[in-house]
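Hi,

Here is the structure I said I'd pass on. Have a look at it first, and my notes follow below.

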Amino acid sequence: NKLSKKGKLKIWQILIIAVVSILIGFSTILYYFSTERNTARGALLRYSVVVFKRYFPFGAGFATYASNMAAEYYSKLYDEFGFNYIFGLAKENPVFANDSFWPEIIGQFGFIGLVLAIILLILFYRNIINLNSSKSEKLILQWIFFVFLIGSTGTKTYIHFVTTGFYIILALYENTKNKQKLLQI
């Protein structure tokens, strides 16, 4: 079964990619997110759910959880959750205290922020599949989208400076293609 003529991935193809990605990364997922190991990423994710419930539906607010400012000013939530005893989350060395995208969204912005983030990702994906591009270009962009999505489980992929550069290049690329199309008319 081939990819659709528009260069869109079908739901079953996306599910296969997801399952294969989870199988390939299973040991890493266990390493970072199991409750047996108290890693920074795992703790940030687990406690983001606690913050989510406590401050439902709006979240704890800016600079309170899993962000650079929450680390710099060492959020009261970090003290409460005992993050000072987790490597990379300690007040003296918070190198991983702002290392995760989804815990930041969940903790700081709650249900409303989570829903808005998911809607933005859906809209971004829809824009990719509706681009005025060739089938192969769309598939490459979809692959990048899924790499970013998978990466966002353990890093700040969507707000990293490298990713921001990608968004700028994507916008310039699409703008150039639209201008070329207008010149052909």
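Keep in mind that this is a predicted model. I started with the second largest pocket, which is lined by Phe101, Glu104, Ile105, Gly113, Leu116, Ala117, Leu120, Leu121, Phe124, Tyr158, Ile159 and Tyr167. It holds about 220 Å³ of space. Sorted by class, that lining comes out as 10 nonpolar, 1 polar and 1 charged residues. Helix α6 (residues 101–129) supplies the largest share of the lining, 9 residues.

That took me on to what α6 packs against.

One partner is helix α7 (residues 135–151): the two axes lie 9 Å apart, at an angle of about 160 degrees. An angle over 145 degrees counts as roughly antiparallel, so that is how α6 runs relative to α7. Their crossing is right-handed. On the α6 side the contact uses Leu121, Phe124, Tyr125, Ile128 and Ile129, and on the α7 side Lys138, Leu141, Gln142, Phe145, Phe146 and Leu149. By class, that contact has 9 nonpolar, 1 polar and 1 charged residues. Leu121 and Phe124 turn up here and also in the pocket lining.

Another partner is helix α3 (residues 40–54), whose axis comes within 8 Å of the α6 axis and crosses at roughly 35 degrees. This crossing is right-handed too. From α3 the contact takes Leu44, Leu45, Ser48, Val49, Val51 and Phe52, which meet Pro103, Ile106, Gly107, Gly110, Phe111 and Leu114 of α6. The contact of α3 with α6 has 9 nonpolar and 3 polar residues, with no charged ones.

Cheers

Notes. Residues are numbered from 1 along each chain as its sequence is written. This is a predicted model: local features need pLDDT of at least 70, side-chain atom pairs count only at pLDDT 80 or more; totals for chains, interfaces and linings use all residues. Side-chain values use heavy atoms; hydrogens and water are left out. On a 1 Å grid over the protein atoms alone, a cavity is a set of points where a 1.4 Å probe fits but cannot get out, and a pocket is an open set with protein on both sides within 12 Å along at least five of seven lines; lining residues have an atom within 4 Å of a point. Grid points are joined across faces, edges and corners, and a volume is the space filled by probe spheres set on the points. Helices (H or I, at least four residues) and strands (E, at least two) are DSSP runs, numbered from the N terminus. Ala, Val, Leu, Ile, Met, Phe, Trp, Tyr, Cys and Pro count as nonpolar, Asp, Glu, Lys and Arg as charged, and the others, Gly among them, as polar. Axes are lines fitted to C-alpha atoms, for helices over the stretch in contact, and angles run from 0 to 180 degrees between N-to-C directions. Angles under 35 degrees count as roughly parallel, over 145 as roughly antiparallel, 65 to 115 as roughly perpendicular and the rest as oblique. A crossing is left-handed if the near helix is turned anticlockwise from the far one by less than a right angle, and right-handed if clockwise. Contact means heavy atoms within 4.5 Å.
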